[in-house]
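Please look over the protein shown here before reading on.

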Amino acid sequence: MIILKRKSLCLILNQIEKVEEESCGILLGTHNSTIKKVECFIPTQNITKEDKKNRFEISSKSYLEAEKQAIELNLKILGIYHSHIEASANPSLIDQKNAFPEFSYLIISLRNQMFSDIKSWVLNKDQIFIQEELLLSNH
Ligand SMILES: [Zn+2]
């Protein structure tokens with residue numbers, strides 16, 4: 001299960017709702033055996049050279065910087081969030097192909113530049129995405 005504060009979701013939405021291309025970022029937080037808790041997020045640039053309306057890519061430099069920040073804050077990189085423009089919050093085959101094991105992939109579906117849905121996904125041992133329980137918390 002992954003827990004995301006409603007406040008964090010609002011802050012993410014403020015940054016991504018009006019963007020007409022896929023937005024992305026890195027999630028930091030704590031992780032015990034069963035529960036991931038997002039404590040903060042780092043927006044990153046979408047550097048894909050393909051169509052940014054349905055692809056995203058995070059640079060290795062952004063990952064390194066997030067890693068550094070995580071160490072400073074005594075947190076871990078829990079996963080990645082990205083938006084889908086006029087598409088569901090289900091992962092594409094390319095999302096699955098590019099995913100790292102153990103990371104959570106939060107997908108935020110935007111319709112008419114507004115929040116529509118959010119789902120979290122993790123790879124199983126066969127490298128197939130399965131939906132992960134997502135709890136939006138008030139604190
Ligand atoms: Zn995607």
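## The annotated span

In residues 1-134, the end C-alpha atoms lie 6 Å apart. The model is a predicted one.

An unreviewed UniProt entry carries the annotation "domain: JAB1/MPN/MOV34 metalloenzyme". According to that record, the annotation covers residues 1-134.

## The overall fold

How many helices and strands does the protein have? There are three helices and eight strands. Along the sequence they come in the pattern β-α-β-β-α-β-α-β-β-β-β. The protein is as compact as a globular protein of its length, because its radius of gyration is 14 Å, close to the 14 Å that the globule rule gives for 139 residues.

Taken along the principal axes, the C-alpha atoms fill a box of roughly 35 × 30 × 30 Å. Of the 139 residues, 29% are buried. Next come the contacts with a separation of 6 or more: residues 24 or more positions apart account for 61% of them.

## The strands and their partners

Start with β2. Six of its eight residues are buried, so this strand is mostly covered. β2 pairs with β3 in the antiparallel sense, over eight bridges. These two strands form a hairpin, with four residues between them.

What about β4 itself? Eight of its 10 residues are buried, so the strand is largely enclosed by the rest of the structure.

In which sense do β4 and β5 pair? They pair in the parallel sense, over seven bridges. Within this region, G79 stands opposite S104 in β5.

## The nonpolar core

The largest nonpolar core has 27 residues. Which residues have the most contacts inside it? They are I26, L27, L28, F41, I80 and Y81. The elements giving two or more residues to this core are β1 (2-5), α1 (6-16), β2 (24-31), β3 (36-44), α2 (60-73), β4 (76-85) and β5 (104-111). β5 gives the most, with five residues.

Take Y81 as a case. Neighbours within four places in sequence are left aside here. Y81 is then in contact with I12, C24, G25, L27, F41, L106 and I108.

Does the length of α2 agree or disagree with what its residue count predicts? At 1.5 Å a residue, its 14 residues should span 20 Å. The end C-alpha atoms are 20 Å apart, which agrees.

E65 has its place in this helix. Is E65 buried, partly exposed or exposed? It counts as partly exposed, because it has 14 C-beta neighbours inside 10 Å. That number falls between the cut-offs: 20 or more would be buried, and 12 or fewer would be exposed. E65 and I47 are 18 residues apart along the chain, and their C-alpha atoms are separated by 15 Å.

An α-helix has 3.6 residues a turn, so residues three or four places apart point the same way.

## Two asparagines with positive phi

N74 follows α2 and lies in the loop between α2 and β4. Its phi is positive, about 60°, although N74 is not a glycine. N74 is exposed, because it has 9 other C-beta atoms within 10 Å.

N112 is found in another place, the loop between β5 and β6 (114-123). This residue is not a glycine, yet its phi is positive at about 50°. Is N112 buried or exposed? With 7 C-beta neighbours inside 10 Å, N112 counts as exposed.

Terms used: Residues are numbered from 1 along each chain as its sequence is written. This is a predicted model: local features need pLDDT of at least 70, side-chain atom pairs count only at pLDDT 80 or more; totals for chains, interfaces and linings use all residues. The radius of gyration is taken over C-alpha atoms; the globule rule is 2.2 Å times the number of residues to the power 0.38. Two residues are in contact if their C-beta atoms, placed from the backbone, lie within 7 Å. A nonpolar core is a set of buried Ala, Val, Leu, Ile, Met, Phe, Trp, Tyr and Cys residues joined through C-beta atoms within 7 Å. UniProt positions are given in the numbering used here, feature names are shortened, and annotations may be inferred rather than shown by experiment. The expected span of a helix is 1.5 Å times one less than its number of residues. Two strands pair if DSSP finds at least two bridges between them.
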